[in-house]
Amino acid sequence: MNQDLSQYAAVIEQLKPMVKEPEFNQVLQQIASHIPKEKRFLIKMEVKRLARPCLRAIDLRGQVDGQCKLYEFDSIKHFLDDVAIEVFEQQVRIFGLYCFGVYEAVMATENNFRVIREKPKPATKKNRTPPKSRKTA
């Protein structure tokens, strides 16, 4: 998801299960009525993009803090750890198929080394006293 749409992540999450439904546009209008029309269009396009079928195999070996194992879904062989399998299955239930939304969610699990590395570090206050000035004679 790009930076412009990250502020609408909650709206996008609400729309995911509805993307294949005939009343998707009405639901979008109801949920996002407070959002400007241009942004609403971008949200719609993002949800449609996430719902496009995906054929990419996911191989998380060496990329996550967990033990990966073979996981096959619709004849596509993936190597996923337990966290990724849980996210994969949850997202497939939401979308109804293996699509780019599932792929992106699995690639962004909290135990992925890339995600861990890119997390902003919390600012820490250092309890240091200012150095004492030395008087020179």
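Is R114 buried, partly exposed or exposed, and what is its relative accessible area? R114 is partly exposed, at 33% (buried is under 20% relative accessible area, exposed over 50%, partly exposed in between, with a 1.4 Å probe and protein chains only).

A note on all views: this is a predicted model, where local features need pLDDT of at least 70, side-chain atom pairs count only at pLDDT 80 or more, and totals for chains, interfaces and linings use all residues. Numbering runs from 1 along each chain as its sequence is written, and side-chain values use heavy atoms, leaving out hydrogens and water.

**View A. R114 pairs up with E118.** Their closest N and O atoms sit 3.5 Å apart in a salt bridge (a side-chain nitrogen of Lys or Arg within 4 Å of a carboxyl oxygen of Asp or Glu). Both belong to helix α7 (residues 113-118), four residues apart, or about one turn. Helices here are DSSP runs of H or I, at least four residues, numbered from the N terminus. E118 is exposed, at 54%.

**View B. E13 meets K16.** This salt bridge spans 2.7 Å, N to O.

**View C. D59 and R61 form a salt bridge.** The closest N and O atoms are 2.6 Å apart. R61 comes in at 47% relative accessibility, so it counts as partly exposed; D59 is partly exposed too, at 33%.

**View D. E46, R49 and E104 link up in a salt-bridge network.** Searching the whole structure turns up six salt bridges.

Key
Helix = DSSP H or I, 4+ residues; strand = E, 2+ residues; numbered from the N terminus.
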